[in-house]
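The sequence and the structure come first.

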Amino acid sequence: MTIARGRLEVEKIMGTAIGIDLRDDFVGADAMAAAFASLRAADAQFSTYRPDSEVSRLGRSELALAECRLELRRVLSLAEQLRADSGGHFDIYHHRSDGGL
């Protein structure tokens with residue numbers, strides 16, 4: 001058995017180590033950089049642990065929902081649909097006594 005040599009990079013994103021191990025020579029370093037950039041962007045937008053994230057700012061009413069990016073509005077819309085479909089069993093607001101995000 002031959003094991004392909006890879007290119008491994010690890011970055012700390014979302015409070016944990018995320019590693020990408022590329023084993024195909026035709027995949028350039030730009031693809032790995034784009035993957036990490038996408039993960040950093042998701043963290044910046046959706047993290048409930050980062051005070052500067054979009055979801056945290058929305059939770060503190062520093063942003064109105066209409067000011068949020070489309071991705072966050074879609075996630076919240078899907079969450080509301082799941083809450084309605086599940087009879088309230090799936091409720092992203094239920095875990096906090098103040099009803100916040």
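## Ser86 and the end of the chain

Ser86 counts as partly exposed, at 23% relative accessibility. Ser86 sits in the segment after α3.

The model is predicted: local features need pLDDT of at least 70 and side-chain atom pairs count only at pLDDT 80 or more, while totals for chains, interfaces and linings use all residues. Residues are numbered from 1 along each chain as its sequence is written, and side-chain values use heavy atoms, with hydrogens and water left out.

## Elements and overall form

The chain holds three helices and two strands, in the order β-β-α-α-α from the N terminus on. These elements are DSSP runs numbered from the N terminus: helices are H or I with at least four residues, strands are E with at least two.

The radius of gyration of the chain is 18 Å, whereas a compact globule of 101 residues would have one near 13 Å. This radius is taken over C-alpha atoms, and the globule rule is 2.2 Å times the number of residues to the power 0.38. Along the principal axes, the C-alpha atoms fill a box of roughly 55 × 30 × 25 Å. Of the 101 residues, 21% are buried. Among contacts between residues at least 6 apart in sequence, 21% join residues at least 24 apart; a contact means heavy atoms within 4.5 Å.

## Surface and charge

Carbon and sulfur atoms account for 55% of the accessible surface of the chain, which comes to about 7400 Å². Such areas come from the Shrake-Rupley method with a 1.4 Å probe; for residues, only the protein chains shown count as cover.

The chain has 13 positive and 16 negative charges, and their mean positions are 2 Å apart. Lys and Arg count as positive and Asp and Glu as negative, without His and the chain ends. Each charge is placed at NZ of Lys, CZ of Arg, CG of Asp or CD of Glu.

The largest nonpolar core has seven residues: Val55, Leu58, Leu63, Cys68, Leu72, Leu76 and Leu101. Two or more of its residues come from each of α2 (54-59) and α3 (70-85). A second, separate core of six residues includes Ile13, Ile18, Ile20 and Leu22. A nonpolar core is a set of buried Ala, Val, Leu, Ile, Met, Phe, Trp, Tyr and Cys residues joined through side-chain atoms within 4.5 Å. In soluble globular proteins, nonpolar side chains tend to be buried together.

Ile20 lies in strand β2 (residues 16-22) and is buried, at a relative accessible area of 17%. Beyond its neighbours within four places in sequence, Ile20 contacts Arg7, Leu8, Glu9, Met32, Ala35 and Phe36. The C-alpha atoms of Ile20 and Leu72 are 26 Å apart. Cys68, not counting residues up to four places away in sequence, touches Glu54, Leu58, Leu63 and Arg73.

## Positive phi in two loops

Met14 is not a glycine, yet has a positive phi of about 60 degrees. Met14 is placed in the loop between β1 (7-13) and β2 and is partly exposed, with a relative accessible area of 42%.

Ser61, also a residue other than glycine, has a positive phi near 65 degrees. Ser61 is in the loop between α2 and α3 and is exposed, with a relative accessible area of 63%.

Technical notes. Buried means under 20% relative accessible area, exposed over 50%, partly exposed in between (1.4 Å probe, protein chains only).
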